[in-house]
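Please look over the sequence and the model first.

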Amino acid sequence: MGIVQDTLCGIYKICRRDVFLSKDQVMNIMLWVPDWDGAIPPPAIMKPRPRWTGKQMISMAFPTGLNLLRIDKDSSPLSEKFSPLNDGGLLIHGGQLLYGMLSKKTVGASGGGVIHTIFNEYGPDTAVNFFNGAQRIVNYWLLHNGFSIGIGDTIPDRNTIDKIEEAVRERKREVEEITASATDNTLEALPGMNVRETFESKVSRALNNARDEAGAATE
């Protein structure tokens, strides 16, 4: 099980470094924390005005004493992974999110993530409490800090369109070659298949590759 849809979007946005909340906003969010003991965490910024971070807010949903370290699998030196300037990796110490972004890799239905660790270390009831707390906190915050997109955001640029068209053209040529070989009776059957099944399998694989390559070009 994992966090999905609106809450997944919100839990990523609330962890950004530019998210700061006033005391009034923090008090409103605290009302959505299950079993809140009435204590407000100390602000991350004291002067000129007290400000709390989004990481502090989502940390209220973590069980006390939770420790988790996840390191990005990239080529950066190991010394940079423990104090990343770009919030790479993830570090939760004593139930506090110190750095990193909560994303599908960490709060989704994946092994070694936050939910998996809470379930193994604290049991199913605590995992359910995290689900409830995280979704209430994030959904309330997202209600006041949502985002919108327009039709222009769904239109790819010229370079992306060219990559998509090239991927489709290449796979179309592959399908035409497969069709021609089947028409000329030169298509060799794959092991365990007749010619018709082989034709369908190769065409399906070519079309799937076209879809995957076109999708990769839009990332």
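The model is predicted. Its open sheet has 3 strands in the order β3-β4-β5, and the pairing is antiparallel. β3 and β5 are the edge strands, each pairing on one side only. From one strand to the next, the twist averages 15°. In general, the strands of a sheet pair through backbone hydrogen bonds, and they may be parallel or antiparallel.

**Pairing of β3 and β4**

- Strand β3 covers residues 68–70 and pairs with β4 in the antiparallel sense, over 3 bridges.
- Leu68 has Ile92 of β4 opposite it.
- Leu69 has Leu91 of β4 as its bridge partner.

**Pairing of β4 and β5**

- Strand β5 covers residues 96–100, runs antiparallel to β4 and is joined to it by 4 bridges.
- Tyr99 in β5 lies opposite Leu91.

**The turn**

- A hairpin is formed by β4 and β5, with 2 residues between the strands.
- Gly94 lies in this turn and has a positive phi of about 65°.

- Strand β4 is made up of residues 90–93, and its covered face carries Leu90 and Ile92.
- The uncovered face of β4 carries Leu91 and His93.
- Ile92, on the covered face, is the residue of β4 that stands opposite Leu68.

Technical notes: Residues numbered from 1 in each chain as written. Predicted model: local features only at pLDDT ≥ 70, side-chain atom pairs only at ≥ 80, totals over all residues. Heavy atoms only, no water. Buried < 20%, exposed > 50% of the residue type's maximum accessible area, 1.4 Å probe, protein only. Pairing = 2+ DSSP bridges. Axes fitted to C-alpha atoms, helices over the stretch in contact; angles between N-to-C directions.
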